[in-house]
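I opened the notebook to go through one model entry by entry.

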Amino acid sequence: MIIDFHTHIFPPEVVENRERFAARDEVFSRVYGNPKARMVTVEGHLEAMAQDGVDAAVVCGFPWADPGLSEMANAYVLESQKRFPGRVHAFYTPPLSAGEGALGAAADALKKGMKGIGEVAFYRAEMVEEDWAHVGELARIARQFSVPLLLHVNEPVGHEYPGKVGIRLRDIWRFTVDFPDQPLVLAHWGGGLFFYELMKSVRTSAGKLYYDTAASPFLYDPSVYRIAAEILGPDRVLFGSDYPLIRPSRYFREIDGAGLSPEARAGLLGENARKLLAL
Ligand SMILES: [Zn+2]
């Protein structure tokens, strides 16, 4: 079974009215204001999954600044899971504005059957103390429901792109020390944090730390798959496409040529996700 651990969908009214929503939400405008930034509804997503041989996907919304838009978009993701059980695993994507309301909404979403929280993303500016405090609150809720948390991380170095903000890898490490039992999936190869798992003091608290491959073809040399497997072993890397940003088939071509062991390959493509989602 192939599971894509990192994808995004939007309600049809958002896909059809990009400009209107970009005018209403500054964060959305920053990432999706450009008409070339692809968006899909759940139907479009399922069609691409079928074409590329993906059996199931973790489906996220978007971290809207506006809590009302966040509620609308999350409701669509949950409804999609109900319509397509087993194929769509809905994650609750909290709005960018932290606060009591956001936490209540997260707990509510998990009560209604959503399978995790994420992609938690702070696209506006560098993650500060206050943002990490909010991630901590979300982790407490995730822990209550025994579900994973998916966090957007980008590289602290390299070229700029929409949504890329400053992030300090040491803050993520500190989180793993504070929440050693909470499964935390770091998107986009964790901004390279996995390299530091060669450090004993980082490795010690990283048992529940996972890395997804989202956007890898845009960011990394394909040898990253083999090197990550060598450092992390077969159990903690998850195939995630960030579809509709990049099609799964493009990753499969890189993965096929990566020289992974059968165990690492099976873990990456679905087995690790299956365990994490308790399927
Ligand atoms: Zn991301």
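Is Y32 buried or exposed? I looked it up and found that Y32 counts as buried, at 10% relative accessibility, where buried means under 20% relative accessible area, exposed over 50% and partly exposed in between, with a 1.4 Å probe and protein chains only.

I note that this is a predicted model, in which local features need pLDDT of at least 70 and side-chain atom pairs count only at pLDDT 80 or more, while totals for chains, interfaces and linings use all residues. Residues are numbered from 1 along each chain as its sequence is written, and side-chain values use heavy atoms, with hydrogens and water left out.

Aromatic rings. I counted as pairs those rings of Phe, Tyr and Trp (its six-membered ring) whose centres lie within 6.5 Å, calling planes under 30 degrees apart stacked, over 60 edge-to-face and the rest tilted. By this rule there are 21 aromatic pairs. F28 and Y32 form a stacked pair, 5.6 Å centre to centre with 25 degrees between the planes; they are 4 residues apart in helix α3 and so separated by about one helical turn. F28 is buried, with a relative accessible area of 0%. The pair of W189 and Y220 is edge-to-face, because the ring centres are 6.5 Å apart and the planes stand at 65 degrees. W189 is buried at 0% relative accessible area, whereas Y220 is partly exposed at 22%. I also traced a cluster that ring pairs make of F10, F21, F28, Y32, F62, W64 and Y123.

The protein donors of the zinc ion are E119 (OE), H152 (ND1) and H188 (NE2), at 1.9 to 2.3 Å from it. E119 lies in strand β4 and H152 in the loop between β5 and α8, so the pair ties together parts that are 33 residues apart in sequence. I found E119 buried at 1% relative accessible area, and H152 counts as buried at 8%.

Pockets. About 640 Å³ of space lies in the largest pocket. Its lining has 27 residues, with V31, Y161, P162, D242 and L245 nearest the centre, and α3 gives the largest share, 3 residues.

Definitions and conventions:
Donors = N, O, S within 2.8 Å, 3.2 Å for Na, K, Ca; no water. Helix = DSSP H or I, 4+ residues; strand = E, 2+ residues; numbered from the N terminus. 1 Å grid on protein atoms, 1.4 Å probe; cavity = no way out; pocket = protein on both sides within 12 Å on 5 of 7 lines; lining within 4 Å. Points joined across faces, edges and corners; volume = space filled by probe spheres on them.
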